[in-house]
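The sequence and the model come first.

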Amino acid sequence: MLPKRSYLLNAAYTWVADNDMTPYLLVDAEQKDVVIPTEFVKDGQIVLNIGMSAVRHLIMDKEAVSFEARFSGKPMQVYVPIRAALALYAKENGDGFVFPDEEFTDEPTPPTPPVPKKGFKLKVVK
């Protein structure tokens, strides 16, 4: 099965935003392929404000969270693979979701093609 994390992340983001709160994303900064401002990493993690007023071009899909933001006035393209997203919560009250541990593969699994059944015939029904 596909990992749940991207689905939970999208649901948590929508829930926090619908409650007029600021979504914060907790990231494992030591994961492979993470592109973040390293000067703000503490204990191997970073918290990113991913609210619409803080980022541009936010994309959350099954592979990653990516967006443009400014850090200390410098623009940066941020990339967080889904496996590096640890939690999403509201800045204002800390309510949110810690994502469960899951197995992630580095290579996407290609879909299995359907196998046609032998002897399948169409018949006209009146």
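What percentage of the 126 residues of the protein count as buried? The share is 33%, where buried means under 20% relative accessible area, exposed over 50%, and partly exposed in between, with a 1.4 Å probe and protein chains only.

This is a predicted model, in which local features need pLDDT of at least 70 and side-chain atom pairs count only at pLDDT 80 or more, while totals for chains, interfaces and linings use all residues. Residues are numbered from 1 along each chain as its sequence is written, and side-chain values use heavy atoms, with hydrogens and water left out.

Helices (H or I, at least four residues) and strands (E, at least two) are DSSP runs, numbered from the N terminus.

Two strands pair if DSSP finds at least two bridges between them.

| Pair | Residues | Bridges |
|---|---|---|
| E1 and E2 | 23-28 (E1) | five bridges |
| E3 and E4 | 56-60 and 64-71 | three bridges |

Within the E2 pairing, Leu26 has Val47 as its bridge partner. Val47 lies on the uncovered face of E2 (residues 45-49) with Gln45 and Asn49, whereas Ile46 and Leu48 make up the covered face.

E3 and E4 form a hairpin, with three residues between them. Arg56 stands opposite Glu68 of E4.

Of the contacts (heavy atoms within 4.5 Å) between residues at least 6 apart in sequence, 53% join residues at least 24 apart.
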